[in-house]
Amino acid sequence: MIAVRLRELLNQQHGVTAVETALILPVLLFGIMMLFELARISLMIGIGNLGLERALQDFRSDKAFYEQGPEALQDAIEARLVDYAYGLLDKDNFVVEIFTFDTLRQFGGGQPDTQIDDQDRSPPVLSVTVDLTQPFMTPLPMLFGIGDAFQYQYRQLLGNLTSDKAEDY
């Protein structure tokens, strides 16, 4: 009698859908949340790249930017980057570093040589590095030990790298 009742219980399908839904729904929600997280990461990387390109675009056409000091350039790039980021970035989200090189030879890592450096007529080169840090919008990455923010680094070179004449800068 007990064996018959046990077989009847095993053959019944009541509640199977509810149990399957309860098991699968958290996995689906997790997948959707991660999809939105990855979409936001790619949006922030794209906005940062576009903002930096637009911020540096004006410097490329301005011949006087070579005479400005690194601090003034850094402040100008930060302000322009915030302006061109469509309100999605602020100054707390990134750090701008500028490395100045007087000649292409110096940029290439050549050893100082006053005779060669005095004859070198190549224009100055600026290396701009921006480190972007953005917090995640969901707590899921923290659950997996990734942290509470993602980081991305942009690098741009500013200068007329193919110039032959000193008059070009």
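**Surface, cavity and selected residues of the predicted model**

The protein exposes about 11,500 Å² of accessible surface, and carbon and sulfur atoms account for 58% of that; areas here come from the Shrake-Rupley method with a 1.4 Å probe, and for residues only the protein chains shown count as cover. The model is a predicted one, so to speak for local features pLDDT has to be at least 70, side-chain atom pairs count only at pLDDT 80 or more, and totals for chains, interfaces and linings use all residues. Numbering starts from 1 along each chain as its sequence is written, and side-chain values use heavy atoms, with hydrogens and water left out.

Six helices and three strands make up the element list, in the order α-α-α-β-α-α-β-α-β from the N terminus. Of the 169 residues, 26% are buried, where buried means under 20% relative accessible area, exposed over 50%, and partly exposed in between (1.4 Å probe, protein chains only).

Searching the whole structure turns up one cavity of 30 Å³ or more. A cavity here is a set of points on a 1 Å grid over the protein atoms alone where a 1.4 Å probe fits but cannot get out, and lining residues have an atom within 4 Å of a point. Grid points are joined across faces, edges and corners, and the volume is the space filled by probe spheres set on the points. The largest cavity holds about 30 Å³, and its lining consists of G48, L52, L81, L89, F94, V130, L132 and Y154. Helix 2 (16-61) and strand 2 (125-135) each contribute at least two of the lining residues.

As for individual residues, N93 sits in the loop between helix 3 (70-83) and strand 1 (94-101). N93 counts as buried because its relative accessibility is 13%. Its side chain makes a polar contact of 3.4 Å with that of Q134, a polar contact being a pair of N or O atoms within 3.5 Å; within protein, one must be able to donate a hydrogen and the other to accept it, and residues adjacent in sequence count only if both atoms are side-chain atoms. S127, in strand 2, is likewise buried, at 13% relative accessibility.

Technical notes:
1 Å grid on protein atoms, 1.4 Å probe; cavity = no way out; pocket = protein on both sides within 12 Å on 5 of 7 lines; lining within 4 Å. Helix = DSSP H or I, 4+ residues; strand = E, 2+ residues; numbered from the N terminus.
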